[in-house]
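Trainee: Please take one part of this model and look at it closely. I would like the strand pairing and the aromatic contacts around it.

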Amino acid sequence: METALRLDDAGVTAFEQSLEYVETKVRERKYPQLRFAKGEIVPLENLDIPWADSTTYRMLTGVGQFELARDYTTNLPMMDVLTEEVTLRTYKYAGGYQVSEEEAYKTVHMGLPIDEQKVAVVNRIAMQTLNKLIAFGDPDTGMPGFINHPAWLRSYAMYPLSSSSTANQCLSVLKAPVTAGLVLTNGIEEYDTMLLPYTEFEYLSEARVDNTLEKTILRQFLDNNGHIRNIQPLNELAGAGPDGENVMIVYRRDPETLKARITDPFRFRPILPQPFGYQRPAAFKYNGILPYSPYGVHVVILPKS
């Protein structure tokens with residue numbers, strides 16, 4: 001009779017190596033729709049400090065200006081830095097999958113491959129969870145996300161970005177938040193990225209400025225503004241307003257402006273024995289959004305058409 005697999009058996013070591021091979025292969029898969037989790041929208045910072053319960057960052061504001069020097073001993077303006085220190089808690093998000101005793105036998109003794117689908121599901125759901133955390137935060141912990149962060153500048157658009165507005169009205173909605181950021185910060189915050197809901201993005205990409213001009217509204221805006229160079233559609237912006245409105249966002253995609261911090265990247269933990277198989281836990285630790293510049297992001301709430 002064949003004895004049961006035990007954690008101190010060489011067979012379990014071989015089984016765990018098979019798991020690690022499959023998990024590594026699955027981790028290389030890309031999920032194009034999860035753009036927050038991939039770091040395409042918000043810069044990601046992986047600290048790899050699993051012991052951290054919290055981290056601290058500072059919001060810096062420069063104070064003062066240069067003036068005409070009349071007397072170097074009595075009239076030399078001094079600059080200073082105002083700092084606001086913020087501590088963010090770190091939260092662990094965990095999950096896993098189970099492997100039956102029969103699956104373990106087949107892998108070790110018969111050389112049959114482990115079912116990748118269980119591993120793939122855990123990996124995908126972990127990335128979906130991280131994607132949602134970065135985008136919207138976690139209401140259970142009170143942690144805000146990129147789209148709903150209270151530190152950002154917010155405003156309401158005068159016109160919807162739809163066929164109910166004229167081309168010039170649509171262009172004014174696109175220009176207004178970029179100009180507002182420049183004016184409020186004396187030209188320091190120069191937004192370079194615009195995010196639009198898919199519906200608005202599709203309309204502006206197809207609607208013409210007028211019958212005599214071949215340019216679309218979006219192309220006209222890109223060609224005539226001196227700041228925004230990247231316009232992307234983002235599904236998460238649909239219904240993200242306070243009353244279910246769509247929102248658009250303009251910001252400077254720069255880790256000195258904002259970033260999302262992960263203190264312990266997603267990884268699988270050691271296998272655990274169960275009465276009729278094995279459990280493979282996985283977890284990651286997320287620390288939240290770090291807004292270094294409160295005017296670095298401008299959220300515009302769009303009227304419902």
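Mentor: Start with a term: two strands pair if DSSP finds at least two bridges between them. Strands are DSSP runs of E, at least two residues long, numbered from the N terminus. Keep in mind that this is a predicted model.

Now take strand β11, residues 258-268. Nine of its eleven residues are buried, so β11 is largely enclosed by the rest of the structure. It has a parallel neighbour in strand β1, residues 44-46. Three bridges join the two.

Look for D264, which stands opposite K285 in β13.

The whole structure holds five aromatic pairs. One of them is Y93 with F284, and it is stacked. The centres are 5.7 Å apart, with 20 degrees between the planes. Y93 sits in strand β4 (residues 91-100) and F284 in β13 (residues 277-291), so the pair ties together parts 191 residues apart in sequence.

Another pair, F146 with Y251, is edge-to-face. Its values are 5.2 Å centre to centre and 65 degrees between the planes. F146 lies in the loop between β6 and β7, and Y251 in strand β10, so this pair links parts 105 residues apart in sequence. F146 and Y251 are buried. Together with F36, they form one aromatic cluster.

Notes
Residues are numbered from 1 along each chain as its sequence is written. This is a predicted model: local features need pLDDT of at least 70, side-chain atom pairs count only at pLDDT 80 or more; totals for chains, interfaces and linings use all residues. Side-chain values use heavy atoms; hydrogens and water are left out. Rings of Phe, Tyr and Trp (its six-membered ring) pair if their centres lie within 6.5 Å; planes under 30 degrees apart count as stacked, over 60 as edge-to-face and the rest as tilted. Helices (H or I, at least four residues) and strands (E, at least two) are DSSP runs, numbered from the N terminus. Buried means under 20% relative accessible area, exposed over 50%, partly exposed in between (1.4 Å probe, protein chains only).
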